[in-house]
Amino acid sequence: MSMVVPLSKMCEGEMGKIRKLELPPLTRERLCGLGFVSGEEIQLVRVAPFGDPKVFRIKGTDITLREDISMWILVETSSVPLSYATNGEYFVSIINGGMGLRERLRMVGIEVGKKITVTGNIGKRIEINANGIRSALSRGQAMRIVVRER
């Protein structure tokens with residue numbers, strides 16, 4: 001399952017391929033000169049403390065963009081935050097959080113590289129099964145976990 005999302009909606013550490021730039025000609029031309037062209041791999045490297053701007057890596061170069069620009073760049077990605085995942089099997093790609101969160105998740109079988117199964121995604125909770133351990137995560141916790149389909 002691949003999704004096309006605005007660059008501004010990617011999670012820290014996530015990678016994707018640029019599909020389309022829906023920007024004014026002058027801005028599009030400047031970004032194309034920096035490597036923002038269709039088919040190019042891009043990664044969200046860092047997010048500022050209040051969420052804007054964000055640092056992206058493209059062709060080995062880190063480039064900072066504000067949300068008012070990055071929201072108009074469409075990217076194809078096979079990763080999604082766990083809170084957007086539908087029922088099915090996934091692999092954990094990234095956990096964006098400190099040691100406390102990582103340890104709590106490890107206790108219920110959620111670690112980078114491990115397979116998890118989403119069994120319910122309704123309301124404020126996401127129900128999962130990881131290593132035979134059934135648990136429920138809040139949407140806030142699930143937003144910090146990036147998963148990809150098998």
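Is Lys59 buried or exposed? In this predicted model, Lys59 counts as exposed, at 57% relative accessibility.

View 1. Lys59 sits in the loop that links β4 and β5. Asn131 belongs to the loop between β10 (125–130) and β11 (133–138). Asn131 is exposed, with a relative accessibility of 56%. Most residues other than glycine have a negative phi.

**View 2. The open sheet of six strands.** The strand order is β1-β6-β2-β3-β4-β5, and the pairing is antiparallel. β1 and β5 (61–65) are at the edges with a single partner strand each, so one side of each has no neighbour in the sheet. On average, neighbouring strands of this sheet are turned by 40° against each other, direction ignored. Strand β4 (residues 54–58) runs antiparallel to β5, and five bridges join the two. Ile58 is placed opposite Thr61 in β5.

**View 3. The cis peptide bond between Asp52 and Pro53.** The bond from Asp52 to Pro53 has an omega near 5°. Pro53 is part of the loop between β3 (41–47) and β4. Most peptide bonds are trans.

**View 4. The surroundings of Met10.** Met10 is found in the loop between β1 (3–6) and β2 (15–21). With a relative accessibility of 5%, Met10 counts as buried, because the limit for that class is under 20%. Apart from neighbours within four places in sequence, Met10 is in contact with Val5, Met15, Gly16, Ile42, Leu44, Lys54 and Val75. Met10 and Pro81 are 71 residues apart in sequence, while their C-alpha atoms are 8.6 Å apart in space.

**View 5. Ser70 in helix α2.** Helix α2 covers residues 67–70 and includes Ser70. Ser70 counts as buried, at 1% relative accessibility. When neighbours within four places in sequence are left aside, Ser70 has contacts with Pro6, Leu7, Ser8, Phe56 and Leu65.

**View 6. The salt bridge of Arg106 and Glu103 in helix α3.** The closest N and O atoms of Arg106 and Glu103 are 2.5 Å apart. Both residues lie in helix α3 (residues 99–107), where they are three residues apart, about one turn of the helix. Arg106 is partly exposed at 38% relative accessible area, and Glu103 is partly exposed at 36%. Side chains of opposite charge can pair when their charged atoms come close.

**View 7. Two further salt bridges, Arg66 with Asp68 and Glu22 with Lys20.** Between Arg66 and Asp68, the closest N and O atoms are 3.1 Å apart. Arg66 is partly exposed, at 49% relative accessibility, and Asp68 is also partly exposed, at 41%. The side chains of Glu22 and Lys20 meet at 3.6 Å, N to O. This pair counts as a salt bridge because a side-chain nitrogen of Lys lies within 4 Å of a carboxyl oxygen of Glu. Glu22 has a relative accessible area of 35% and is partly exposed; Lys20, at 45%, is partly exposed too. By this rule the model has six salt bridges.

Definitions and conventions
Residues numbered from 1 in each chain as written. Predicted model: local features only at pLDDT ≥ 70, side-chain atom pairs only at ≥ 80, totals over all residues. Heavy atoms only, no water. Buried < 20%, exposed > 50% of the residue type's maximum accessible area, 1.4 Å probe, protein only. Helix = DSSP H or I, 4+ residues; strand = E, 2+ residues; numbered from the N terminus. Contact = heavy atoms within 4.5 Å. Pairing = 2+ DSSP bridges. Axes fitted to C-alpha atoms, helices over the stretch in contact; angles between N-to-C directions.
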